[in-house]
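Trainee: Could we go through this structure together? I would like to begin with the helix packing and then turn to the aromatic rings.

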Amino acid sequence: MILRVNEIDYFVDVKGEGFPVVFLHGFTGDTRTWSEVTDVLKGMYQCISIDIIGHGKSDSPLDADRYSMDAASKDIKEILYELHIKKAAFVGYSMGGRLALHYSNIYSDTVSVLILESASPGLKTDEERRERRERDHALADRIMDEGLQSFVEFWEGIPLFSTQKKLPQKVKERIRVQRLQQSPVGLSNSLKGMGTGAQPSWWDALKNLPFPVILLIGELDRKFAAIADEMKMSIPDTEIIPFFDTGHAIHVEDPRKFGTIVKEVLFNYIKEDF
């Protein structure tokens, strides 16, 4: 369905009935990346997948400021209001995980449990953020200057996704087609507005999170496994769940197991009525 909130049209895919679970995809993704996972969950939960601004069938406005974490979080809050949802579990991957964490710090009373897949609270220092913003903006300009196909070929080759080379060819082709259907303006502005360099650091706020936080990591993704270890030291109610022989995008590399684990987490942590 299309929901218009704050003058932006958002595509929202809703499956199943039960306690609501919101899914936020990563950069260059959309609601389709969650299909196999939500198929596992829809028998027990209401699965709400959102095309984040600039992605999929949602709008891609020209104003990069409209893509800020604050603005995107406000939009998600309005989407839940339109769906008559007061509280939900959140599952976020990579960029979507950073957005879910940002949202959860602002609207903590609407979150029952936060499940983060290969995500971080941002960079700790102003200097790190400045340097990352410069790289994000350069990449954003590359998308507009060289075109989407050139960017997708580059993006598929970065070390972060090296473990996806072992995926079946039909899966890799499906991911490529999905990426090539994205909006160049949307991706470029997402890097400027929601890139890691634009995100404020939430490291100091982790200790104040009032709900359980589950950190899902692929054991081959050593960078984000280390980030999860550090996050665990600050979050009061948390656990890390590693996935054997997977990298950054666990839900892509092993969607059935990912869905089963998320289902178990939700069963263990969601106790309240709704």
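Trainee: At what angle do the axes of α4 and helix α7 cross?
Mentor: Please keep in mind that this is a predicted model. The axes of α4 and helix α7 (residues 184–194) cross at roughly 170° and come within 8 Å. That makes α4 roughly antiparallel to α7, because an angle over 145 degrees falls in that class.

Trainee: Which residues make that contact?
Mentor: On the α4 side they are D136, H137, L139, A140, D141, I143 and M144, and on the α7 side P184, V185, L187, S188, L191 and K192. By class, the contact of α4 with α7 has eight nonpolar, two polar and three charged residues.

Trainee: And how do α4 and α5 pack?
Mentor: Helix α4 (residues 126–146) packs against α5 at an angle of about 135°, and the two axes are 6 Å apart. The helices α4 and α5 are therefore oblique to each other.

Trainee: Which residues of α4 and α5 meet there?
Mentor: L139, R142, I143 and E146 in α4 meet L148, S150, F151, F154 and W155 in α5. The contact of α4 with α5 divides into six nonpolar, one polar and two charged residues.

Trainee: On to the rings, then. How many aromatic pairs are there?
Mentor: The count comes to ten aromatic pairs. One of them is formed by F151 and F154, with ring centres 6.4 Å apart and planes at 45°, so this pair is tilted.

Trainee: Where do F151 and F154 sit relative to each other in helix α5?
Mentor: They are three residues apart in helix α5 (residues 148–156), which means that about one helical turn separates F151 and F154.

Trainee: Is F151 buried or exposed?
Mentor: F151 counts as buried, because its relative accessibility is 1%. F154, by contrast, counts as partly exposed at 30% relative accessibility.

Trainee: Which cluster do the ring pairs form?
Mentor: Ring pairs link F27, F151, F154, W155 and F161 into a cluster.

Trainee: What sits over the ring of F154?
Mentor: The charged end of R142 does, 4.2 Å from the ring centre of F154. Elsewhere, K124 lies over the face of W203, at 4.6 Å from the ring centre.

Trainee: A change of topic: where does F19 lie?
Mentor: F19 lies in strand β3 (residues 19–24). At 4% relative accessibility, F19 counts as buried. The C-alpha atoms of F19 and K87 are separated by 8.7 Å, although these residues are 68 residues apart along the chain.

Key:
Residues are numbered from 1 along each chain as its sequence is written. This is a predicted model: local features need pLDDT of at least 70, side-chain atom pairs count only at pLDDT 80 or more; totals for chains, interfaces and linings use all residues. Side-chain values use heavy atoms; hydrogens and water are left out. Rings of Phe, Tyr and Trp (its six-membered ring) pair if their centres lie within 6.5 Å; planes under 30 degrees apart count as stacked, over 60 as edge-to-face and the rest as tilted. Helices (H or I, at least four residues) and strands (E, at least two) are DSSP runs, numbered from the N terminus. Buried means under 20% relative accessible area, exposed over 50%, partly exposed in between (1.4 Å probe, protein chains only). A charge sits over a ring if NZ of Lys or CZ of Arg is within 6 Å of the ring centre and within 35 degrees of the ring normal. Axes are lines fitted to C-alpha atoms, for helices over the stretch in contact, and angles run from 0 to 180 degrees between N-to-C directions. Angles under 35 degrees count as roughly parallel, over 145 as roughly antiparallel, 65 to 115 as roughly perpendicular and the rest as oblique. Contact means heavy atoms within 4.5 Å. Ala, Val, Leu, Ile, Met, Phe, Trp, Tyr, Cys and Pro count as nonpolar, Asp, Glu, Lys and Arg as charged, and the others, Gly among them, as polar.
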